[in-house]
Amino acid sequence: MRRFKILCTFGLFLGLGIMTTGIVATPRPEPRPADAAPAPSVQIPIQQLTLKNGLRVVLSEDHAAPTVSLCVTFDVGSRNEQPGHTGFAHLFEHMMFQGSQNVGKGEHLILVRVNGGDVNGTTGDDSTNYYERVPANQLDMALFLESDRMRALRINQANLDNQRNTVQEERRLRIDNQAYGRTGEILEDLAYDNFAYKHSTMGSMADLNAASLADVAQFFKTYYAPNNAVLTLVGDFKTPEALEKIRKYFEDIPAQPASPPVDMTEPVQTAERRTVIEDSFARLPRLDIVYKAVPGNTPDWYALDMLGDILFGGTSSRLYQKLVKGKGVALRVAGGIDLRRGPALFQAFVVLKPGQDAEGVEKLIYEEFEHVKTDGVTAAELEKIRIQNRLQQAKSLTNTLNRARTLGRYAVYFHDPNLINTSLANYSEVQPADIQRVARQYLGEAQRTVVLTIPKPQAAPAR
Amino acid sequence: MRLKVRMKFLMWTAAALAAATAATGRSQTNQDQDKSIPASKVERLNRAPVSKEILRVKLPRPVEVTLPNGINVMILEDHRFPLVTVQFDIDGAGPLYEPANQPGLAGATAQLLDEGTKTRTSRQIAEQIDSLGATLSASAGFGSGAAILTASGLSDTFEQWFGLARDVLLHPTFPAGELAQYQSRAKPALLQQRSQPNFLANQTLSRALYGAYPAAVVSATPESIDSLTPAMLADWHDKHYAPENTILAISGDVRAATLIPKLRQWLAEWQRSKASVNFPAGPPPATQGKVYLVDRPGSVQTTLLMGNLAIKRGDPDFPALVVLNEVLGAGSASRLFLNLREEKGYTYGVYSNLIARKYAGPWTAGGDLRTEVTDGAMTEFLRELNRIRDEKVPDDELGAARRSVVARFALSLESPQQLIDYAITRKAYKFRADYWDKYPAQIAAIKADDVQRVAKKYINPATMQVVAVGDANKIKTVMEKYGTVEIVDASGKPAVEGSKSTGAGLQ
C-alpha cells in the first residue's frame, strides 16, 4: 500500500495533478492481535444511488469542517484511445476547463480559486477525474460548474490550439526535459502487447498535433455522458438537500449510448523482454523490472501488493535492507504493484550507485524473489504490512478530497465505492502461503520486462 | 470529536462580494505577441451561482506548556482518526548555523539520528517503527535554522513509537559504518540533483541573492560530504540540539491532560545546554540586476526563475505582499498564469512565490517554457512585473485576490497538520496569541495603494536577479537582451572560459 509508481497520470496543474496510478486509499479494517478483540475500524458512511439519466451518485457526510469535496470521475482514460490518437483523453481533460455553455474559458479555475478552493483534473490509463474542494456554502457553485460542462462543452479552435501547446509543455516538463523521463513510456510499450496500456497517457507530439475539433466533439459525446460517470460528494452537507441539488443540476443531462467496451486481454508473455536506453539528462543508471499480473481488487492482487510491501515498503523492507544498506549498491530502491482495471504491473525500480554493475544488482533482486518462492515470508512480516496499511489508510481518510477521489475511483474501476470500508479486510485474508504462491506464479523469468536506463555521454557545454 | 474548527459564514464586504463575480481586470494589451497562436482569451460569463458569504474562522488553540528543561510543548487534540503526529522543531540545529566549509553537516546529523542509538541498531529501529504502525524521519533543510524530527503513527501504539522517537533524538551514536554508507549515497544524490533544472535554477538564484550569507547554500558538496566524521556529527548534536530551543508539537488522538505529565517524565533527561542561537544578519538586496545562464545541453525547455530579496516573516508588509502575490502569480486566477499559459500557451504553468523567514527571503517568479518562446516569456514576465508596480490593481481584481487568500486560509483549517503548522509558526516567530485569528482581517484590509507601495518597494526589474536554465546555444543571445549574462555550470560556479558577455539592461 505504500505505493511507488513509475507510471504517472497527468493533470491540469503542476503539483496538484500528479497522481500515481496507485495512490489508492484502501480502507481500513483492523489489525487482529491474536489475544485482543478487533479494534473498531474507521468506517466512512456512504449513500449510493443512480439518477434517471444513469449518473451514479455517492454521498458521504462529514461535518468536521465546513467544506465539501466534489469529484466527477468518468469511465474513460488513455486505455480507450486508438492508434493515432494517443494523448487525446488527457488533452480532452484540459479542454474541459476551456468553457461550456454558461462558463467562460478559464472561469472555472478562477471561480474556485477566488473562493478559496482547490481544483484540478487528472487523466490516467483507466479513468479521468475532475474535482474541487470548496467552502460548504459554495456547493451550488461547484455543482453548477461540473454540470454545465457535462451538459454542453463549448470549444473553439483557438482554445484547442492553446491547450495543445499547454499539454505539449506538460510533456516536455515531465518527460522530454527530465532525467528518466522516457523510461516509463518505454517500459509500458515493451511490457504490454495490448494497445490499451501499451501506449502512454501523455501521447506523442505527432498525435497531439493531429487532434481536431471534430475529435473533441466526438469524444465528448461518446464518453462524457452522465451514464458514463460517477459523482462523489464528501463533506459538510445534509444528504437530502445535497441530493436535491444534484438532481436539479444533473438529472436532465441526456444519457448517451453506452461507450464501446475495451478489450483488456493481454496475451501470455513467453520470453523475457529487455532493452537499454540512453538518457541525456540522467547521471546514474536506473534499472526497471516489471511483470504483468492481475487486475486490482482480486485476491492475487492483494497478495502481490503485500509482497511488494515486504520487498520494497519502507526502510525495514527486504530489498532496502539488501541493496541500499547491506550490499550498498543502490541509491534508491522502490516497487510494488500498481492498481489497474486490467493487468497491473508488479514493478521493481533501482537507482544504482556510480560504478555498480547493473547485471549484478539485477541478480541480487532475482535472488530475493527466489528466496520468497523457496522459503516464503513470515507471519510477522505480514503483520507489519497490515499495521502499516492501517496507518496509511487512516492517514488517507483525513482528507475529504482524497475520500471523494477514492470513492470515484472504486466506483468506476470496480463498481464498488464501499471498498473504502471493506478492502482492508481483503488484506487480512492473505496468508504467507499466498505470498509464496503469487511470487512463483507471476515473477517468472519469461514473464518479465527489463529496462536499463544509462546516462548518455554528455555533449560539450556551450560557451 | 474534540477538534472542531469553528467557522461561520458571514457576509463579506460589498467590495469583495462584487469581486467574487466580476472580471479579473485582465489587461487587453497582451495579445498579439505571437502570431502563430490565435487569441485564446480568458472569459467570464458570471452565470455560476456564487455564495456571497465568506468563512470567518476562529482557530482551535493548542494546549501549551513549557517543560522544566525549556521545551515548548503544544498539543492539539483531534479524535476523529486513531492517529498521532509528533514534530520536534529544534532551532539552532539547522544549516544556517553551519560552518561555511561544512555544508550538509546539519542535514547529515539529522538524517543519521535513526541509524543507531546506544541500545538499538539502524535495522532494529527500522523494524520496530514499521512494526508499530509508525513513521519516523528527521531532516535539516538548507535555508532553515532548525532541524526537524517528525514521527507519526497509530494512537494505540503511540507510547511505544514516541519512545523510539525520543531514543533517536537523545541517544544517537552515529556509527561509523552507517556514516560511510550515508556518504556513499549522498554524493551520487548530488549528481542526481544537478540533472534537475529546478534544482539548478534554485541553486543559482540563491547564490545570486544571498552571496556569502548561509541561505545561499542549497546543497552539500562532495568535499564536505567526504570530510564528515562520526565525531563531527556527535559534536553538532551535542552543541545544537537543545531543549530550550525546541518546539514539540503533538496533534491527534491524545489527551493533553494525561500526556503532559508523561512528557515531563519522558523528556526530563534532556538537559538544557549552553547552545546559543545567534541569528546571522542577512545581506542587503542586490543593487544591480544580473542574468545567470545555466547551460543544460539538450534542454527542450528554458527554466526561468527571477526575484529580489524582500522581507522577513515578521515584517508588517507581509499581508500586502501576500495579496500582491495572489494577484501576480500565486495560482490559476493570477496574472502570470492567465497570461503566459491560458492566453499565450507558452507553458504548463508559471507562478510567483513569496518566501519570508527569520531573515529576508525573496519573492520569485518563474516557470518552465519551451525553448523557442524564452524571449516572449521574458517579455511577458517583465510586462507583468512592471504593470503591478506602475498601475493600481483594479478594485474588483484586488477584492477577488483578498477573498481568495482569506477563503483558502479558512479551508486549510480542515487539516489537523495545517493547524499545528500555524501554531508552530506563531510560536517560532513569537507572534501574538491571536495572530491567526486576526490574519483574515489583516488581509481584508489591504488596499490597492498598499499593493502598489510594496510592489514598488520590493519588485524591481532593474535590480532583479534572473536565472535561465536551458540550452545555452539556443538562448544565450536571447538572455543577453535582459542583462549582463554570466554562464554558470551545474555546480553553480562560473563556467571557466568566455563566461561573461554584456547585454542590455533590464527595462
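**V451(B) and the cores**

I started at V451(B) and listed what it touches, leaving out residues up to four places away in sequence. The partners are A320(B), V323(B), L324(B), V327(B), V393(B), L398(B) and I446(B). Contact here means C-beta atoms, placed from the backbone, within 7 Å.

I noted that this is a predicted model, where local features need pLDDT of at least 70, side-chain atom pairs count only at pLDDT 80 or more, and totals for chains, interfaces and linings use all residues. Residues are numbered from 1 along each chain as its sequence is written, while chains are lettered from A and ligands numbered from 1 in the order in which they are written.

Next I looked up the largest nonpolar core, which has 223 residues. A nonpolar core is a set of buried Ala, Val, Leu, Ile, Met, Phe, Trp, Tyr and Cys residues joined through C-beta atoms within 7 Å. Buried means that 20 or more other C-beta atoms lie within 10 Å of the residue's own. V451(B) is among those with the most contacts inside this core, as are A165(B), L321(B), V323(B), L324(B) and V467(B). Helix α13 (395-412) of chain B gives the most to the core, with nine residues. Helices are DSSP runs of H or I, at least four residues, and strands are runs of E, at least two, numbered from the N terminus. Another core, of 59 residues, lies apart and includes F281(A), I289(A), A348(A) and A439(A).

**Domains of chain B**

I took the bounds from an automatic or database domain assignment: domain 1 is 63-266 and domain 2 is 290-501. Their C-alpha centres lie 29 Å apart. In the contact, 24 residues of domain 1 meet 29 of domain 2. On the domain 1 side, α6(B) gives the most, with 11 residues.

**Chain A against chain B**

How many residues does each chain bring to the contact? I found 74 from chain A and 78 from chain B. On the chain A side, α4(A) gives the most, with 12 residues. Elements that give two or more residues there include α2 (107-114), β6 (128-135) and α3 (139-151) of chain A.

**Helix α15 of chain A**

Last, I checked α15(A), residues 419-429. Its buried residues are L419(A), I420(A), S423(A), L424(A) and Y427(A). Why are they on the same side of α15(A)? They cover an arc of only 130° around the axis, taken from the directions from the helix axis to the C-beta atoms. I see them pack against α10 (299-312), α13 (379-397) and α14 (400-414) of chain A.

Notes. A residue is buried if 20 or more other C-beta atoms lie within 10 Å of its own, exposed if 12 or fewer, and partly exposed in between; C-beta atoms are placed from the backbone. Two residues are in contact if their C-beta atoms, placed from the backbone, lie within 7 Å.
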